[in-house]
Amino acid sequence: MGDASFHIETINETEARVVADGLNTFNLLNAPAVNEMWTPIYLALKDENGTIAGGILAGVGYWNVLDIKMIWVREAYRGKSYGAQLLEQAEEQAKKHGAYLSVLDTFDFQARGFYEKQGYTVAGQIDDFPKDHTRFTLIKRLDT
C-alpha cells in the first residue's frame, strides 16, 4: 500500500494549514473565487446588562454564499422572533458582501421548522447522523 517512504501521523494546527491551503488552491483553480476571503458575520442578541441571550456565527466565503455555522437563542427567549431577527440581519449583511445564497445544517431535534418559516428549503439530509437522528442541509436564495 503506497510508497514505503511515506507514513501517516497526527499533525498540529500549522501543518493542518498546509492541507487546507492545498485543497483551497485546488478548489480555486476549478471554481475561481468571486470574493477574496472569508468575511465573518458574528452577531449577538444582548440584554440591557450586556449579557448574551443568543447569537449567530456565520460568514460569506469565496463563492459569495452565506455559510451559517451556528445560531442559538437562550431557551427563555425562543419563540419571540429573536432568532428570526438574528437570521435576517445576518442575511442582510451577507447580501451587502455579495451573497446570493445561504446554507446551513440543522438536526431533527433542532430548528428545521424555524428555518423553513424563514424561507429555507431542505437540499439534503443524512439519516442516522447522529445515531437515531437526521441531519438536514437547508438553503435559501438571497437574490430573489
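In which sense do strand β2 and strand β3 pair, and over how many bridges?

## Basis of the model

This is a predicted model, in which local features need pLDDT of at least 70 and side-chain atom pairs count only at pLDDT 80 or more, while totals for chains, interfaces and linings use all residues. Residues are numbered from 1 along each chain as its sequence is written, and side-chain values use heavy atoms, with hydrogens and water left out.

## The sheet

Strand β2 (residues 52–60) and strand β3 (residues 65–73) pair in the antiparallel sense, over seven bridges. Strands are DSSP runs of E with at least two residues, helices are runs of H or I with at least four residues, and both are numbered from the N terminus. Two strands pair if DSSP finds at least two bridges between them. Within this pair, Leu57 has Met70 of β3 as its bridge partner.

The open sheet contains six strands in the order β1-β2-β3-β4-β6-β5, with mixed pairing. Because β1 (39–46) and β5 (121–127) stand at the edges with a single partner strand each, one side of each is left without a neighbour in the sheet. From one strand to the next, the twist averages 20 degrees. Helix α2 (residues 82–96) packs on the sheet and touches β1, β2, β3 and β6 (134–141); contact means heavy atoms within 4.5 Å. The direction of α2 makes about 160 degrees with that of β3. For such angles, axes are lines fitted to C-alpha atoms, for helices over the stretch in contact, and the angles run from 0 to 180 degrees between N-to-C directions.

## Helix α2 and its two sides

The buried residues of α2 are Gly83, Ala84, Leu86, Leu87, Ala90, Glu91 and Ala94. Seen down the helix axis, they fall within an arc of 160 degrees, so they line one face of α2; the arc is that of the directions from the axis to the C-beta atoms. These buried residues pack against β1, β2, β3, α3 (112–117) and β6. Glu88 and Lys96, on the other side of α2, are exposed. Buried means under 20% relative accessible area, exposed over 50%, and partly exposed in between, with a 1.4 Å probe and protein chains only.

## Glu91

Glu91 lies in helix α2 and counts as buried because its relative accessibility is 6%. Leaving aside neighbours within four places in sequence, Glu91 is in contact with Leu66, Tyr120, Lys140 and Leu142. Of these residues, Tyr120 is 29 residues from Glu91 along the chain, and their C-alpha atoms are separated by 12 Å.
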